[in-house]
Each structure stands twice: as C-alpha cells, then as structure tokens.
Amino acid sequence: QQVAEIKTGAFCGCQDLESITIHGKIPAIRKATFADCVKLKAITIPPSVKTIEVCAFKGCTSLTSVTIPDSVTNIDRLAFDKCTNLKTASINKNTQVHADAFPKSTKIMRR
C-alpha cells in the first residue's frame with residue numbers, strides 16, 4: 001500500500017534519522033514533519049509533493065544541500081529554518097518561496 005500522507009510532526013526530533021526517501025503520493029510535507037532531525041543528511045522528495053509547509057525541516061543541521069522537485073509550487077516560511085549547514089537549494093524557477101524559508105546563508109539556485 002502506498003503512503004498517502006505523513007502527519008504533522010511525524011518524525012520531529014528523530015535523533016538518528018540520517019536519510020529519508022519518501023515513496024507514495026503525498027501532496028505535502030506537513031508542518032514540522034522532520035523538524036530537529038539533527039543527523040538528517042539526505043532527503044528525496046517525490047514528485048507528488050506540491051507544498052513544503054512551515055518548519056518542515058527546521059533545525060536539520062546536517063543537511064548541506066537539497067533539490068526540490070519541479071512539482072513543488074510553494075515553500076512556506078521557515079521550512080528550512082535553522083538548517084545552519086544548508087549551503088545550496090536547487091528549486092524550480094516557478095516555485096513560490098517565502099522570503100524566510102531558507103537560512104540567509106543558503107544559495108538558492110533556480111532552474
């Protein structure tokens with residue numbers, strides 16, 4: 001059976017989560033789903049995702065880069081807040097990105 005939804009805060013604070021590949025047809029990465037997963041280094045977001053909600057990856061301090069699929073049309077405020085080592089984010093040129101979605105030190109590469 002395919003995953004249809006991951007609940008708000010489902011993996012929040014999972015201290016040993018190092019990578020995640022989301023399978024299924026989830027429409028959004030909900031609020032604080034992966035917040036404070038301090039060892040998270042790699043994420044694979046499926047093309048079904050349209051929105052990355054508030055604080056979805058907040059405090060994921062081991063993330064250094066992220067590629068957001070073209071399907072994502074909106075990245076909410078603070079989605080990657082306090083991801084202090086996030087150097088680059090590759091995002092579709094048409095994706096709406098809230099002004100404070102990423103740390104100021106993150107280089108946003110539009111494609």
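In what order do the strands of the open sheet of four strands lie? In this predicted model, the order is β2-β4-β6-β8, and the pairing is parallel.

## The four-stranded sheet

Two strands form the edges of this sheet: β2, residues 28–29, and β8, residues 96–97. Each of these edge strands pairs on one side only.

Within the sheet, β4 covers residues 51–52 and β6 covers residues 74–75. These two strands run parallel and are joined by two bridges.

## The three-stranded sheet

Another open sheet consists of three strands in the order β5-β7-β9, again with parallel pairing. Its edge strands are β5 (65–67) and β9 (107–110), each of which pairs on one side only. From one strand to the next, the twist averages 15 degrees.

Strand β7 spans residues 88–91 and pairs with β9 in the parallel sense over four bridges. Here, S90 has M109 of β9 as its bridge partner.

## The nonpolar core

The largest nonpolar core contains 29 residues. Which of its residues touch the most other members? They are I29, F34, I52, F57, I75 and F80. Of these residues, I29 belongs to the range of edge strand β2 (28–29), while I52 falls within β4 (residues 51–52) and I75 within β6 (residues 74–75).

When residues up to four places away in sequence are not counted, F34 touches F11, L17, I20, I22, I29, L40, A56, F57, K58 and C60. Two of these contacts, I29 and F57, are also named among the core residues that touch the most other members.

Definitions and conventions: Residues are numbered from 1 along each chain as its sequence is written. This is a predicted model: local features need pLDDT of at least 70, side-chain atom pairs count only at pLDDT 80 or more; totals for chains, interfaces and linings use all residues. Side-chain values use heavy atoms; hydrogens and water are left out. A nonpolar core is a set of buried Ala, Val, Leu, Ile, Met, Phe, Trp, Tyr and Cys residues joined through side-chain atoms within 4.5 Å. Buried means under 20% relative accessible area, exposed over 50%, partly exposed in between (1.4 Å probe, protein chains only). Contact means heavy atoms within 4.5 Å. Two strands pair if DSSP finds at least two bridges between them. Axes are lines fitted to C-alpha atoms, for helices over the stretch in contact, and angles run from 0 to 180 degrees between N-to-C directions.
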